[in-house]
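Thank you for passing this on; below are some remarks to read alongside the coordinates.

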Amino acid sequence: ICGKMGNCLADYFEKKWDIIGVDLKKHPKYTTYSSIDLIDLPIDVVADFSSVNAKNELIKAINKNVLVLSGTTGYSFSEIDEFMKLGKEKFFWSANYAGGIFLFYKLCELVFKDYDIFDFIEIHAKDKKDKPSGTAKMIAKKLTIDENKIQSLRINQANPVHEIIFSSEYERIILRHEVMKKDAFLIGFEKKLNEMREKNDKEAI
């Protein structure tokens, strides 16, 4: 909860939910536990934006049979598949929760079928740790693109951008997704959370 995204999510949801955190650090605003095992309160939703070093905590959260939405990058796709099998319909992972990114996937898949020549570019600010980004890797997997073809740029204070240029000898199609404000991730996360809650509520009836 003391990370950038953890802080943003906590502040975004504090008027709608009772927020508690799991972190090795103590958050100055929210009650924080060093492990999910120490929480004796009922848990409705677990939002995981930590690191691969917290894998055991993520597995504990999944095993509690509550909704778990993860945005932690760094895991291999085989590890994510394991989480999906373990959590089934109550676990969801995405490297990017911005609403437009899911439409971007669909458009790329549509165009990718007809164009063999392309450039894949992703841009982030200089403090972005992973390179290429988790989102770029996720797109590459969906489109069966070799990750080595991703061109990664790190620029001071740059907005997150994922762009694929499809071209032929005669024409070019450019698809670009850019996030201007971090609220895009928060709004998209809430939308996905509500979808999962609604689906699980229907299955429980």
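The numbered points that follow treat the pocket and then the sheet.

1. This is a predicted model, and the points below should be read with that in mind. The second largest pocket has a volume of about 250 Å³.

2. Which elements supply the lining of this pocket? At least two residues each come from helix 3 (77-87), strand 5 (91-93), helix 4 (99-112) and helix 5 (134-142), and helix 3 gives the most, with four residues.

3. The lining of the second largest pocket divides into eight nonpolar residues, one polar residue and three charged ones. Among the lining residues are Phe 77, Asp 81, Trp 93, Ser 94, Tyr 105, Lys 141 and Lys 142.

4. Turning to the sheet, four strands form an open arrangement in the order 7-6-8-9, with mixed pairing. Strand 7 (150-155) and strand 9 (172-178) each have a single partner strand and stand at the edges, so one side of each is left without a neighbour in the sheet. On average, and with direction ignored, neighbouring strands of this sheet are turned by 15° against each other.

5. Strand 8 (residues 161-167) pairs with strand 9 in the antiparallel sense, over seven bridges; here Ser 167 has Arg 172, in strand 9, as its bridge partner.

6. Helix 4 packs on the sheet, where it touches strand 6 (117-125), strand 8 and strand 9, and its direction makes about 165° with that of strand 9.

Terms used: Residues numbered from 1 in each chain as written. Predicted model: local features only at pLDDT ≥ 70, side-chain atom pairs only at ≥ 80, totals over all residues. Heavy atoms only, no water. 1 Å grid on protein atoms, 1.4 Å probe; cavity = no way out; pocket = protein on both sides within 12 Å on 5 of 7 lines; lining within 4 Å. Points joined across faces, edges and corners; volume = space filled by probe spheres on them. Nonpolar A, V, L, I, M, F, W, Y, C, P; charged D, E, K, R; others polar. Pairing = 2+ DSSP bridges. Axes fitted to C-alpha atoms, helices over the stretch in contact; angles between N-to-C directions. Contact = heavy atoms within 4.5 Å.
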